[in-house]
Amino acid sequence: MQVELDGKIINFESSMTVKEILKKLNLNPEVYLVVLDNNELATSDRMIGKDQKIKIIRVVSGG
Amino acid sequence: MKCKICGGTAQIELRNHNIALCKKDFFNFFERRVSKTISGYKLFNKEDKILVAVSGGKDSLSLLYVLNKLGFNCSGLYIHLGIGEYSEISLKKCEAFVKKYNLELNVFYVNRFFSCGICEIAKKMKRNSCSICGIVKRYVMNRFGLETGFNVLATGHNLDDESAQLFGSLLSFDLVRLEKEKIFLPGKEKALKKVKPFSLITEREIAAYCIMNGIDYIYEECPYSKGATSLVYKSALNLVEERSPGTKLRFLKAFIEKGHIFKKVEQSLEDESKYCTNCGYLTYRDMCNFCIIANRLSRKDEARVNFLNNVEKL
């Protein structure tokens, strides 16, 4: 699976749920959204196949 | 995960509301809550002319989008701060957005008014960029709105912004800042009514609303916001939120209900209000902060008479 995060690509070899991916990357689910390649959002239980591409978007802004 | 309303595939889970929703039901849920905030706190109505401050980011663009969708009379104001590529990209996002949805956008150019951007002004004034930026933005939004017939100024401040601000103010028990922590500040002579319709909505919900609607916003942050303390407060609150969903909402709502304990401070601030000797707008000194900057940069006369010459309508 190909994961895009902050303009970088991270590859995982097995299928995982969104929750597992965020945990593996040590990301707080309150701060990130996961977007599928058809532009739909994925909830935490959604299984992402090993051939899928996703984008993880940080939602915090401001300063 | 299934949508709690229709049973279809959910796209977003909102743990703070104990609900998961599909795209269509999320739009309804989101828009209903914005409407409820507007009517519940009497922010404005269909007769008001609302100026929406836009930056090209998710909060302000979705605010302009949703207010227009709900049938309010609103236009955008973008302040071009002259911060290199960041300002150019964010202006392009705003231009593309208003073109796509057939909305009105006004652009104020800081560079035209001061002959330099925010960073150079900050250097000349020997102050940090964020403080100068705040002074300029607050002044321009208020004055532009008043001089062009608006009676309400709406900003995209969200629940994360507001709870982080409240958290920071409470850490130092800053009474003046706590007094300003409100969903709206009433208008008065020479001051527009200021409202924050997204105060009870998280930025995660707003980002989701943008993405699902195909609103293209700027992901990059202002280069000067790196290391800002407010981001540390947001991060701390989101750690608590992860363990205890709904904390941010409860925190802000409790303060809104009990904030009257700061009434005394508000009264003393009211008493100190006076009008700038140069431009005539509100100040706590003889000359307002904007005119102090204008004076130092030899733009004092411009600040008095040619203010609107620096605005373009798209």
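Contact here means heavy atoms within 4.5 Å. The model is predicted. By that contact criterion, Ser169(B) touches Asp174(B), Arg177(B) and Leu178(B), with residues up to four places away in sequence not counted. Ser169(B) sits in helix α7 of chain B, which spans residues 159–171. The relative accessible area of Ser169(B) is 0%. Buried means under 20%, so Ser169(B) is classed as buried.

Chain B contains an open sheet of 7 strands. The strand order is β7-β8-β6-β3-β4-β5-β11, and the pairing is mixed. Two strands form the edges: β7 (184–185) and β11 (311–313) of chain B. Each of these edge strands pairs on one side only.

Strand β4(B) is mostly covered, with 7 of its 8 residues buried. β4(B) pairs with β3(B) in the parallel sense over 6 bridges. In this pairing, Ala53(B) stands opposite Leu77(B) of β4(B). The chain passes from β3(B) through α2(B) to β4(B), and this β-α-β crossover is right-handed.

β4(B), residues 73–80, also pairs with β5(B), residues 105–109. The sense is parallel, and the pairing runs over 5 bridges. Leu77(B) faces Asn106(B) of β5(B) across this pairing. Helix α2 of chain B (residues 58–69) lies across β3 (49–54), β4 and β6 (152–154) of chain B. The direction of α2(B) makes about 155 degrees with β3(B). Helix α3 of chain B (residues 84–101) lies across β3, β4 and β5 of chain B. α3(B) runs at about 160 degrees to β4(B).

Chain A contributes an open sheet of 4 strands. The order is β2-β1-β6-β4, again with mixed pairing. Its edge strands are β2 (8–11) and β4 (32–36) of chain A, and each pairs on one side only. On average, neighbouring strands of this sheet are turned by 25 degrees against each other, direction ignored. Strand β1(A), residues 2–5, pairs with β2(A) in the antiparallel sense over 4 bridges. Within this pair, Val3(A) stands opposite Ile10(A) of β2(A).

A helix of chain B packs on this chain A sheet. The helix is α9(B), residues 203–213, and it touches β4 and β6 (53–58) of chain A. The direction of α9(B) makes about 20 degrees with that of β4(A).

Helix α9(B) also meets a helix of chain B, α1(B) (residues 23–40). Two packed helices are described by the angle between their axes and the distance between the axes. The axes of α1(B) and α9(B) come within 11 Å and cross at roughly 130 degrees. The two helices are therefore oblique to each other. The crossing of α1(B) past α9(B) is left-handed. On the α1(B) side, the residues in contact are Lys23(B), Phe26(B), Phe27(B), Phe29(B), Phe30(B), Glu31(B) and Arg33(B). On the α9(B) side, they are Glu205(B), Ile206(B), Ala208(B), Tyr209(B), Met212(B) and Asn213(B).

Terms used
Residues numbered from 1 in each chain as written. Chains lettered and ligands numbered in written order. Predicted model: local features only at pLDDT ≥ 70, side-chain atom pairs only at ≥ 80, totals over all residues. Heavy atoms only, no water. Pairing = 2+ DSSP bridges. Axes fitted to C-alpha atoms, helices over the stretch in contact; angles between N-to-C directions. Buried < 20%, exposed > 50% of the residue type's maximum accessible area, 1.4 Å probe, protein only. Right-handed = clockwise from strand over helix to strand, strands pointing away. Parallel < 35°, antiparallel > 145°, perpendicular 65-115°, else oblique. Left-handed = near helix turned anticlockwise from the far one by under 90°.
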